[in-house]
Amino acid sequence: MTHEPKAPTAAADSASDQDDLELADSPFDRAATAPSQVVQAREATRAARREARKVAPIQWMDPVPPRQQDTLWRSLTREGEARLLVVRATTAASEATRRLECSPEVTKLVGELMVAALLVRSTINPEERLQLYLNHQGPIGQVAIDAWQEGGIRAYVAHPQQDSRQAGFLVGAGVLQVSRTLGTKSYASSVELAGSSAADYVMHYLLESEQILTLVHTDVRLDEHGRIAQATGYLLQMMPEGTREDLRKIILNIGQLSAVGDAMTDQDPDARQWAEQLLQGFAWDQCARETVAYRCRCSRDRMMAMLTSLPVQDIAELAEGHEPLELVCDYCRRKYHVRPAELRELAAPPS
Ligand SMILES: [Zn+2]
């Protein structure tokens with residue numbers, strides 16, 4: 001066997017020619033060899049383009065959903081200083097609190113937590129699921145808000161009919177636990193409950209565990225029957241590109257603003273005028289929109305799977321009765337019935 005060096009192929013030749021060409025044409029090389037007037041002209045063009053972008057009108061996401069429809073929209077300033085998210089979750093909050101039969105006080109709190117959860121979820125990976133748990137010593141017990149991609153959201157309260165009359169408060173000392181799930185991976189972190197509202201709890205969490213300066217504002221109003229009349233809110237986040245001066249400008253703008261709930265009218269359901277005031281002095285665009293909707297993740301299959309996880313002895317005991325077993329979803333209160341024969345099958349699966 002001989003080991004003669006291989007003759008270079010035509011393909012290899014042309015590839016190395018290509019490399020040389022690319023090197024000679026690299027921006028670094030061009031900048032180094034171009035006459036200074038050319039460089040100046042190029043920079044002037046770029047600067048002019050940046051200026052033009054600054055004054056170009058805001059790009060809106062049309063069509064605008066009517067005021068009766070829940071929605072969440074996001075915007076970003078063109079220089080990346082800040083982002084603004086605005087949400088309307090009136091229908092979703094009404095549905096969740098109606099199903100749970102919440103007292104008026106709990107209705108307001110759950111509405112605010114839902115608004116805050118939707119906003120925060122929309123700042124993270126779009127495919128992540130966000131679950132907020134209030135674990136505390138107040139009379140209403142645990143509260144859970146579950147929000148996932150495409151604006152799906154649901155809520156749970158251990159004692160939704162309680163109010164603050166006896167204890168003097170709804171939410172006692174405790175923690176906000178935040179769980180983020182992507183695929184099969186889940187991360188949870190907790191911070192102490194700080195402040196006195198859903199927005200306070202969430203802002204404290206974002207600052208403590210994510211180190212992000214964020215303003216979260218909820219505007220949830222009840223009707224004369226103590227039910228949700230309107231559930232809206234916004235989130236404003238300074239991005240790494242944002243400066244102190246940018247922040248100062250935004251704070252001054254916010255001082256002049258009306259409530260976001262008042263700004264969403266039949267003529268302007270997105271509160272675009274209001275947003276233009278908030279981001280006055282910045283070039284920005286409305287860049288994404290999600291549909292928000294109350295949904296539950298429960299199903300008969302999931303309920304059966306939960307039963308299967310019980311010890312066989314417990315299932316056998318449940319199967320002794322003659323009436324179907326009634327299971328109620330903690331979130332949507334939907335009822336599922338399991339016949340004794342099905343339970344017996346679960347207790348003694350065919351081998
Ligand atoms: Zn359910």
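**Figure 1. Overview of the predicted model.** The protein's secondary structure comes to 12 helices and 13 strands. This is a predicted model. The protein has 351 residues, and 31% of them are buried. Consider the contacts with a separation of 6 or more: 66% of these join residues 24 or more positions apart.

**Figure 2. The open sheet of five strands.** The strand order is β8-β9-β2-β1-β10, and the pairing is antiparallel. β8 (214–222) and β10 (284–291) are the edge strands. Each has a single partner strand, so one side of each lacks a neighbour in the sheet. From one strand to the next, the twist averages 15°.

**Figure 3. Strand β9 and its partner β2.** Strand β2 covers residues 82–88 and strand β9 covers residues 228–238. The two pair in the antiparallel sense over seven bridges. Leu85 has Leu235 of β9 as its bridge partner. Arg83 has Gln237 of β9 as its bridge partner. Eight of the 11 residues of β9 are buried, so β9 is largely enclosed by the rest of the structure. A residue counts as buried if 20 or more other C-beta atoms lie within 10 Å of its own.

**Figure 4. The hairpin of β8 and β9.** β8 and β9 run antiparallel and are joined by nine bridges. Thr218 has Gly233 of β9 as its bridge partner. Five residues lie between the two strands of the hairpin. In the turn, Gly226 has a positive phi of about 80°.

**Figure 5. Helix α4 against helix α5.** Helix α4 spans residues 90–100, and helix α5 spans residues 104–121. Their axes come within 9 Å and cross at roughly 135°. That angle makes α4 oblique to α5. The crossing of α4 past α5 is right-handed. On the α4 side, the contact is made by Ala92, Ala93, Ala96 and Thr97. On the α5 side, Thr107, Val110, Gly111 and Met114 take part. By class, five residues of this contact are nonpolar, three are polar and none is charged.

Figure 6. Glu241 sits in the loop between β9 and α7 (244–255). Is Glu241 buried or exposed? Glu241 is exposed, because 11 other C-beta atoms lie within 10 Å, and a residue counts as exposed at 12 or fewer. Which residues does Glu241 touch, leaving aside those up to four places away in sequence? They are Glu79, Gly80 and Glu81. Glu241 and Glu79 are 162 residues apart in sequence. In space, C-alpha to C-alpha, Glu241 and Glu79 are 7.6 Å apart.

How values were computed
Residues are numbered from 1 along each chain as its sequence is written. This is a predicted model: local features need pLDDT of at least 70, side-chain atom pairs count only at pLDDT 80 or more; totals for chains, interfaces and linings use all residues. Axes are lines fitted to C-alpha atoms, for helices over the stretch in contact, and angles run from 0 to 180 degrees between N-to-C directions. Helices (H or I, at least four residues) and strands (E, at least two) are DSSP runs, numbered from the N terminus. Angles under 35 degrees count as roughly parallel, over 145 as roughly antiparallel, 65 to 115 as roughly perpendicular and the rest as oblique. A crossing is left-handed if the near helix is turned anticlockwise from the far one by less than a right angle, and right-handed if clockwise. Two residues are in contact if their C-beta atoms, placed from the backbone, lie within 7 Å. Ala, Val, Leu, Ile, Met, Phe, Trp, Tyr, Cys and Pro count as nonpolar, Asp, Glu, Lys and Arg as charged, and the others, Gly among them, as polar. Two strands pair if DSSP finds at least two bridges between them.
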